[in-house]
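Here is a short briefing on a predicted model.

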Amino acid sequence: MRVAISCDHAGFLLKEEIISAVRTAGHEVVDLGTYSPEAVDYPDFTRKACRAVLDGEAQRAIVICGSGVGASIAANKFKGIYAGLCHDTYSAHQGVEHDNMNVLCLGSRIIGAEVAKEIVRAFLSASFSGEERHARRFGKVQAIEREN
């Protein structure tokens, strides 16, 4: 799987750890920056990762900012992006299995590198179940998206 990864300055150090974990799990990384700890704006880098998914350059994305909240808000502005802020492995795999999450948001000031790597592994190893109840609910989410 191709995984787009981006971050703001707060997520820069964690991004380097995540890239290694994604590659170790056998996936290809599309590194969309930032490439230093110099201050940048999270919406700019969240946009890059979401565009990569929407344009077919990646199947999923991971975006990192200080809390993960800003990246999550920005990501969910894109039609076709279903982003979730996760600080535990259950939310990471359940978000994919039940909610068809395609973008994982992480808060680098909230979780450490080892926990983040476990969360990433859970996110990447999960797939949407397609069970009737989950498909029905996801269809309702898409209907809301079409209204706006």
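S1 and S3 form a parallel pair joined by five bridges. Within this pairing, Ile5 has Ile62 in S3 as its bridge partner. Helix H1, residues 12–24, packs on the sheet.

**The sheet**
- Strands of a sheet pair through backbone hydrogen bonds, either parallel or antiparallel.
- Here five strands make an open sheet, and the pairing is parallel.
- Their order is S2-S1-S3-S5-S4.
- Strand S2 (28–31) and strand S4 (83–85) stand at the edges.
- Each of these two has a single partner strand, so one side of each lacks a neighbour in the sheet.
- From one strand to the next, the twist averages 25°.

**The helix on the sheet**
- Which strands does helix H1 touch?
- Helix H1 touches S1, S2, S3 and strand S5 (103–107).
- The direction of H1 makes about 170° with that of S1.

**The cavity**
- Rolling a probe the size of a water molecule over the atoms shows where empty space is left.
- A search of the whole structure turns up one cavity of 30 Å³ or more.
- The largest cavity holds about 40 Å³ of space.
- Its lining consists of Ser6, Cys7, Asp8, Tyr42, Phe45, Thr46, Val63, Ile64, Cys65 and Ala71.
- Which elements supply at least two residues each to this lining?
- They are strand S1 (2–7), helix H2 (42–54) and strand S3 (60–65).
- By type, the lining residues of the largest cavity are seven nonpolar, two polar and one charged.

Conventions: Residues are numbered from 1 along each chain as its sequence is written. This is a predicted model: local features need pLDDT of at least 70, side-chain atom pairs count only at pLDDT 80 or more; totals for chains, interfaces and linings use all residues. Side-chain values use heavy atoms; hydrogens and water are left out. On a 1 Å grid over the protein atoms alone, a cavity is a set of points where a 1.4 Å probe fits but cannot get out, and a pocket is an open set with protein on both sides within 12 Å along at least five of seven lines; lining residues have an atom within 4 Å of a point. Grid points are joined across faces, edges and corners, and a volume is the space filled by probe spheres set on the points. Helices (H or I, at least four residues) and strands (E, at least two) are DSSP runs, numbered from the N terminus. Ala, Val, Leu, Ile, Met, Phe, Trp, Tyr, Cys and Pro count as nonpolar, Asp, Glu, Lys and Arg as charged, and the others, Gly among them, as polar. Two strands pair if DSSP finds at least two bridges between them. Axes are lines fitted to C-alpha atoms, for helices over the stretch in contact, and angles run from 0 to 180 degrees between N-to-C directions. Contact means heavy atoms within 4.5 Å.
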